[in-house]
Amino acid sequence: MIAAIATRVQSVYDRVGERNLSYLGVLALLAILPDLMGAFIASHIIVMAIFVMGYNIILGFGGELSFGHAAYFGLGAYGVILTLEHLVSSLYLAIPITVVAVTLLSVVFGYLSLRRRGIYFAMITLALAQLVYAIVFQMNELTGGSNGIAIPATEAPLGPLTPMSNELHFYALACALFLLSFVAIARIVNSPFGRVLKAIRESEERALHLGYDVNSYLWLAFAMSGALSALAGALYAVLFVFISPSLLFWQLSGEVVLMTIIGGVGTLTGPLVGAIVFIFFSNTLTSITEHWEIFFGAVIIGIVLLAPEGLIGLLRKAVLDDEKVFDLKRLIERLRP
Amino acid sequence: MPKDANNSGTSRRQYLKYASAGSAVALAGCLTGDSGSGSESIMIGATIPESGPYGNIGKNQVKGVELAVKHANEDGDVSDTEVEVAFRDTKTDTQEATQVARELLRQENADFLAGNFSSSVALAIGELAQREDVIYTCVGGSNAITGSDCRSNVFNAGNSAVQQTSGGLKYALDEGLGESVYEISADYSWGQSIQAWNENQIVSSYDDVEYLGNSFVEFGATDYSQAITDARSSGADIISFNLFASNHVQSARQADEYDLFDDFVCVWPATGIIEAEQIGSDILSRDNFYASAPWYWQHEAEGAQAFSEAFQSEYGERPLGFSASMYAGVRTTLKAIDAAGGTETADIRDQMEDRELFPQLWGVGEKFRACDHRASISTMTVQGRDPSDVDGQNFFEVINVPQNPEETQMRTCDQTGCSF
Amino acid sequence: MASSILLNALPGVADTLFVPLQVEYYTAQLFNGLVLGMILVLISLGLTIIFGLLGVINFAHGDLLLVGTYVSWTVMDATGSFLLSIGAALVATLVLGMILERTLLRYTYGRHGALLQLLLTFGIAELIRGLVILVWGRTGKNFATPSWGSSSIDLVLFTYPVYRVFVIVAAAALIVAVYLFLNRTDLGLLIRAGTQDREMVDMLGIDVSRLYMLVFGIGVALAGTAGALIGPVRGAFPTLGIELLIPAFVVVVVGGLGSFRGSVVAGILIGELQVMTGVFYSEASQAIVFVFMALVLLVRPRGLFGQEGVVE
């Protein structure tokens, strides 16, 4: 029975091709999400999926583990609010201004962090993110400090849409940006730049010998990843209206790694899957138990020990027996001290 | 300005208008009775921290709201309408708080929001309440809530930083306990509020009192050794510890460790029985320990005694000051809804302004001031009882209860910077 | 009433100098920094020992410290003996650490690497914190200072709380003990040898896996003991561990991963830096340690005492 289904799936899979199939799957998911979970949670998922997609550039394609991406996400959120408050009145100007500013910061932080690799890189990114947290926490005249801050109440119409006040409209906007980013990343991964990144991920040493300026490539990947994280953060502020410094705390940096792993490191569709599973899971968990940390921790441990290649990898292995599953082992070997 | 939000909320609001029009009750019931579940009730959305650093206080406040709802239903605060309440945990995080407040409005169809005692959270939910056009009855000390950042839908049933420090530092100065002041303040809206008021208004109003400085400590920090060393070296006569709840406890213990009680008058602006229990009567009963309390269960006012006993017999513990504020705040809001004949926000607001709090737990004619929506409750000064005299939760000796707080303990309406 | 002469000696208050009081003031602040510094040393020593041998950065370190704090609080509450409570925290976290290594971490050495180990310890951190909250509650406990330590003692130049003097002395004794253990005992030398070259120790026919278990236990126990010591200073609350873990990370990065000397020097340095910055410009006291770390990394990427090649 199962074998028959598997064969069936395999034959559909062969005909349509993996890439097209996964693209179709993404579109179908986007279409049904608001009906399944409501517009607010669906929007939250898409925002996080953009974040994970951005994060995946540096971890999945660059092969470097950052533990400080909450900084770019959180600054995206704070940035759009502060820009709206002090610089421009249009949300659709504030978002690009914020993304550019945060990207510039990620260029600086990327330079500092990429002086080291592996565990050191992870800890430096973490510490730099905590620096941002400490500063935002401390500058309470500007940021509201521990009080948090609210996005100025504006209408921000976008054609027929009013994403600021209507959650379904917001969802449409977020989906458009998600798809744009998705296509952009798909193209980048298959560009010469993407191929060099892959080469670096497989073996930095070999890439060096081939004459590639490894650091510059990783640096660019880091900046791109910072840019998408900032975009996601800006959207988050629009969706949630109120934000607090916890958005910059390392917990979120850990969660984005987790979402990336759940979905499958270095895959295109993984981020969406990871975000759906994670947001749904954590929402359910916090609503049914006060002690969500226990389950959260247990699930992380379970995933690490039992399914380190993520859900997509697991699915492929179980149903499709695909040999081309992204080789996490090799990535891991690189990270080994 | 009022915008009708979602359908069920609107229908209930309209319904309520009909319902309380007396004779139309039966008819309206027939027409709309089945249109939405629970539409014959008022739903309170209560946002209170039940976990995190203020969880202990929050749990007591939850009981205050529960008791208010129970008594409101028994006494018929809103005629012929049942009052219900749904609770959500704010975790004392502004983002979490606004998120759960939104949930209460969307999922539970709350008619108004109530609860909380953290200034930061009060400011955030207040902003949300304004945008969503619902009443928010809260407790929160920051002067900004009923001052520079005041919102017309927000009513504050607790005392402000000005009131709190009037029972604390101002009392100490009035009594001539010292002539110079140093402060240690938590670096967030409430602590900043008290610090600024003390420096700019209180101390400067005495010709012979010197202000020697302030050390801000990060919100959430629990080791004050550096600030205490600053304060000790300042040589001030009086140290004002503008620290709240577990931070109050922590700082009182550390003041003792650094032997501050030997040489300094130490003042805390907001104390309660939970803090007292944790600090311990050994430290509490030091001669130089003074604190201001928003309310204390041994308050002599008639309303206070009745409430205190009812709370004790219901829950087997004493109510905190913030619970007393919330109890009176919720019942007063319900009375205002009754008087307004519905849950239309503008109507309730009109009814709440200058309305006397019910019941009168302070017994000084306290009301929601119309100009800033702050309750004109009286803030008392307490000292710790000797350990041998402590029996149950009677930790404090009340040494001063101002009878005319609006004049002696509050900003004038002009000073608030808020005018509705 | 206190004399009000020395207010002038405070930075930012006035500019008249009053030298003896200045000395008293700054010495007391240096001691405040030392208390924090010594705690950071204990935490980062544990981190660095574990990293040195196992190659694992333990993100659960902070929450294991939390276990130490709460165990100590419980024993103190039940028996009234603080010394006993420290011992209990040490033993409990030692055992817990060894169990965690045996049941979870060991499965990640062979086929998995740093990424998954990092995530695994992140998961363990959440799990442990969740269990601590389950047992002791979310609101935190008031951790009373032991009665023998709740007042100040005259140290000639200045007076200082007895308990805090005890923290400094106890932490110093523990650091010396760890140093002696690593340098004077066979087992310690084996651990150091393993840090230099794991395979060689393996070839000597020594059961490396038991060595791993023991080292993880010792590292965690150092954190647990630090947790017990800091309890009366900071109180017991669920985010205490995370609060201390981040500066401890900075310490190991600044000092150099895997370096004993680095942890000790950088720990004290970071503690002092944080407190003394607070004395002069309190707004920067949190941010300064990260700025300092960034500067160190620019000048000396492997940290003050880090060895080339140990981490890459």
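## Chain contacts in a predicted complex

Chain C meets chain B through 37 residues of its own, which are in contact with 34 residues of chain B. On the chain C side, α1 (19–54), β2 (159–161), α8 (208–234) and α10 (260–280) each supply at least two residues. The most comes from α1(C), with six residues. By class, this side of chain C divides into 18 nonpolar, 17 polar and two charged residues.

The model is predicted. Its scores are ipTM 0.87 and pTM 0.87.

**Chain A against chain C**

Chain C also touches chain A. Here 40 residues of chain A are in contact with 38 residues of chain C. Four helices of chain A give two or more residues each to this side: α6 (118–138), α12 (250–263), α14 (292–306) and α16 (328–335). The largest share is that of α6(A), at 14 residues. The chain A side holds 27 nonpolar, six polar and seven charged residues.

**Inside chain B**

Contact between them involves 17 residues of domain 1 and 18 residues of domain 2. On the domain 1 side, α3 (55–75) and α5 (119–132) of chain B are the elements that give two or more residues. The largest share, three residues, belongs to α5(B). This side of domain 1 has six nonpolar, 10 polar and one charged residues.

| Chain C, touching chain B | 18 residues | 17 residues | two residues |

**Confidence in chain C**

How confident is the prediction for chain C? The mean pLDDT of chain C is 87, and 90% of its residues reach 70 or more. The start of the chain is another matter. Over residues 1–18 of chain C, pLDDT stays under 50. For this stretch the model still has 44 contacts beyond four places in sequence.

How values were computed:
Residues are numbered from 1 along each chain as its sequence is written. Chains are lettered from A and ligands numbered from 1 in the order in which they are written. This is a predicted model: local features need pLDDT of at least 70, side-chain atom pairs count only at pLDDT 80 or more; totals for chains, interfaces and linings use all residues. pLDDT is the predictor's confidence in each residue, from 0 to 100. Two residues are in contact if their C-beta atoms, placed from the backbone, lie within 7 Å. Ala, Val, Leu, Ile, Met, Phe, Trp, Tyr, Cys and Pro count as nonpolar, Asp, Glu, Lys and Arg as charged, and the others, Gly among them, as polar.
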